[in-house]
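Hi,

Here is the structure I said I would pass on. Have a look, and my notes come after it.

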Amino acid sequence: MANIESVLQETRVFPPSAAFQAQANVSGMASHQALTARAAADYEGFWADMARAGISWKKDFSKILDESNAPFYKWFYDGELNVSYNCLDRHLPEKADKTALIFEADDGAVRRVTYQALYNQVCAFANGLKSRGVQKGDRVIIYMPMGVEAVVAMQACARIGAIHSVVFGGFSAKSLHERIRDAGARLVVTADGSIRGGKMLPLKSAVDAAIALGDCECVEAVVVYRRSGDDTAWNAARDIWWHDLVNGMAQTCEPEWVNAEHPLFILYTSGSTGHPKGVQHSSGGYLLGAILSMQWVFDARPDTDVFWCTADVGWITGHSYVVYGPLALGMTEVIFEGVPTYPDAGRFWKMIQDHQVTTFYTAPTAIRSLIKLGSDLPRQYDLSSLRLLGTVGEPINPEAWMWYYEAVGQSRCPIADTWWQTETGSHMIAPLPGAVATKPGSCTLPLPGIMADVVDEHGGSVPLGQGGYLVIKRPFPSLLRSLWGDPERFRKTYFPAELGGKTYLAGDSAHRDADGYYWIMGRIDDVLNVSGHRLGTMEIESALAANPRVAEAAVVGKPHDIKGEAVVAFVVLKGARASGDEAKKIVAELRDWVGKEIGPIAKPDEIRFGDNLPKTRSGKIMRRLLRAIARGEEITQDVSTLENPAILEQLKEAVR
């Protein structure tokens, strides 16, 4: 990979405050360096010590890492545990009456669930699953709205050794059908509907439509939670209400003790084309990653923290930082059903105030959408309970980072900008907030024990300041074990022969600055080649977003006869969308701005304005759709996951 000649020149640095550092789980850079050195000196011993300290084992392990069939690595592979036991049972002697979940519904109704009550519900549902014949190793599809029941269903599967595969409630019947078939699911758990932003979105009807597409004979039953109360089509031979399933079931259920390598879940990653990839995670290694990252990156204090991760359980962030990580530590956490702008744009800030949230973890897209509404809004609420902020999902541009730090964190809360993936299961590169000085836009340094690097096409490390492929050179416990039913695709996708077959290729481009800090520049296929210069889309987006006029920007490439690729920017302005002469004036201004921020080579060839950008309901910008629009291609992909499908027509018109 060629050098990235223009890099983010970010000079602002925010060291941990003395007060935060004094109380942190990892206090000071010397402690961070000591952990990192310990991992480097005795890699297997380091992870074994962490696993014994963090996890309650039914049978202790004597084997740590098996690399004999690389890249199909095994960790702690003769140990036995149960993940649900680690999230519930072990807390009951001291925390039975402690609040585990604070659920706030779309309409503002609040429901609190203690650890004892959550244990009772999980056991009853687990017994209900067993009454329908679900056994260890069976696959269960969970297609649910955000709420207590989604957590219960996932924990119940873990309790009996069933392998859950959660499908995001915004996915279409076709996407659901693909996942049911690929997993060979024996049972589907769903709800009559989901309520978001005051609107009811049907779920059960999508399950019916998915099964009707055929080749779903594996499904023996569909369990339906009554959430919306709307009329629901019913197949008496197959469908059963949740409340009927658990009626009369015992509220105790002996956990199924499984090998550390037993699959805990399959989570499908959505590609733009082709067969979905079923990322398969283990029980022991995955749980360890969730626990350690809670302790290190979120500086978890189980006795006093109120933790809120805004992600849906349909994504890996919801798995690790809603369902497993916080509960494994016995924490209190908030679960939210709705959207950040309903009934008004103060919803997030009001919830932080009302529930006294201490740790808030959300996506840069959510932050940028709220920036557009002004800095005054967060200041109308008491956010003094906050002590730590986090971002997840994509790189955060420096100006959004600064707004988050100043307007939400009141310039006193560290920001944990986390880089990780569905495939890694937990954080890989992120600041430990009591140790690492942060820089806006950088995810900073690898966690102790994570052997990350930036390399060229042949696997050689590139010098600081130069761009390359982000890799992890040693297997780590929370790494995916395979792709469900497709080991060859797993090997080719993540451990390419060109890098030696044992190095994990993340698929992201990155560079490190003079301090060794990592900057994620976007997916490998989101690096533009303009006249022989490789430009990260994230770099151009950050420059645009730093302009006072701009609320949000997304950059894609399109073929260019002379330059190879042209830079196309889709921009959302603060205030009204520009048109006519005003738009031309702002286009010229923004092109000059990018030229000054990065260099003339990075000036967008086209800048198109929209009221919004196409996003999934989880807030992820669908850049592949923008790429198709920029290139004038027909959009043939499934757009049912978009929060705002109508924006596509507006952006197409803008391109014309």
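Below is what turned up, starting with how to read it.

This is a predicted model, where local features need pLDDT of at least 70 and side-chain atom pairs count only at pLDDT 80 or more, while totals for chains, interfaces and linings use all residues. Residues are numbered from 1 along each chain as its sequence is written, and side-chain values use heavy atoms, leaving out hydrogens and water.

The unreviewed UniProt entry puts its "binding site" annotation on R196, G197, G198, K199, T317 and S531. These residues are spread over 336 residues of sequence and also in space, with up to 48.8 Å between C-alpha atoms. Bear in mind that such annotations may be inferred rather than shown by experiment.

I looked at two of them. G197 is in the loop between β9 (193-196) and β10 (199-202) (strands are DSSP runs of E, at least two residues; helices are H or I, at least four). Ignoring neighbours within four places in sequence, G197 is in contact (heavy atoms within 4.5 Å) with D106, V339 and Y342. T317 belongs to helix α12 (residues 316-328) and counts as buried at 9% relative accessibility (buried is under 20% relative accessible area, exposed over 50%, partly exposed in between, with a 1.4 Å probe and protein chains only). With the neighbours within four places set aside, T317 is in contact with C309, A311, V322, Y361, V392 and W420.

Then the helix pair: A173, L176, H177 and I180 in α8 meet A206, V207, A209 and A210 in α9.

Cheers
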